[in-house]
Amino acid sequence: MKKMMVMAIAALGFTAPAFADTQKSFSEQMQAQKTQLRPHVFNFFSDRYQQIEAQNAIKPVNLSFKEQLDSQKGQLRTQEFNPISDAYLQTTSRHS
């Protein structure tokens, strides 16, 4: 009995700080989150180089809509219909 009481008090002690943060206002929570963000340094030359390299890496593709759709269909995983297993899944889902 004593062990259960000690465990309950310890559990409350660990969860109390988690609930303490929810009492802050929205603006205080936002300020706390801003301090946790990684600072982003903008470097015009390196960022511009990355943009140009990314644009050069993209090869212009002039496919029709149907050709694009067919290429996407080829990348999809094939779906097989199995009436025995599908019926089993349907009946077990109804009973659960």
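Q: Why does K66 count as exposed?
A: In this predicted model, K66 has a relative accessibility of 57%. The class of exposed residues begins over 50%, so K66 belongs there.

Q: What makes D70 partly exposed rather than buried or exposed?
A: The relative accessible area of D70 is 37%. Buried requires a value under 20% and exposed a value over 50%; D70 therefore falls in between and is called partly exposed.

Q: Why is the contact of D70 and K66 called a salt bridge?
A: The side chains of D70 and K66 meet at 3.1 Å, N to O. The cut-off asks for a Lys or Arg side-chain nitrogen within 4 Å of an Asp or Glu carboxyl oxygen, so the pair qualifies. Side chains of opposite charge can pair when their charged atoms come close.

Q: How many salt bridges does a search of the whole structure find?
A: The search returns one.

Q: What elements does the protein contain, and how much of it counts as buried?
A: The protein has five helices and zero strands. Of its 96 residues, 1% count as buried, the cut-off being under 20% relative accessible area. The protein exposes about 10,000 Å², with 62% supplied by carbon and sulfur atoms.

Notes. Residues are numbered from 1 along each chain as its sequence is written. This is a predicted model: local features need pLDDT of at least 70, side-chain atom pairs count only at pLDDT 80 or more; totals for chains, interfaces and linings use all residues. Side-chain values use heavy atoms; hydrogens and water are left out. Helices (H or I, at least four residues) and strands (E, at least two) are DSSP runs, numbered from the N terminus. Buried means under 20% relative accessible area, exposed over 50%, partly exposed in between (1.4 Å probe, protein chains only). Accessible areas come from the Shrake-Rupley method with a 1.4 Å probe; for residues, only the protein chains shown count as cover.
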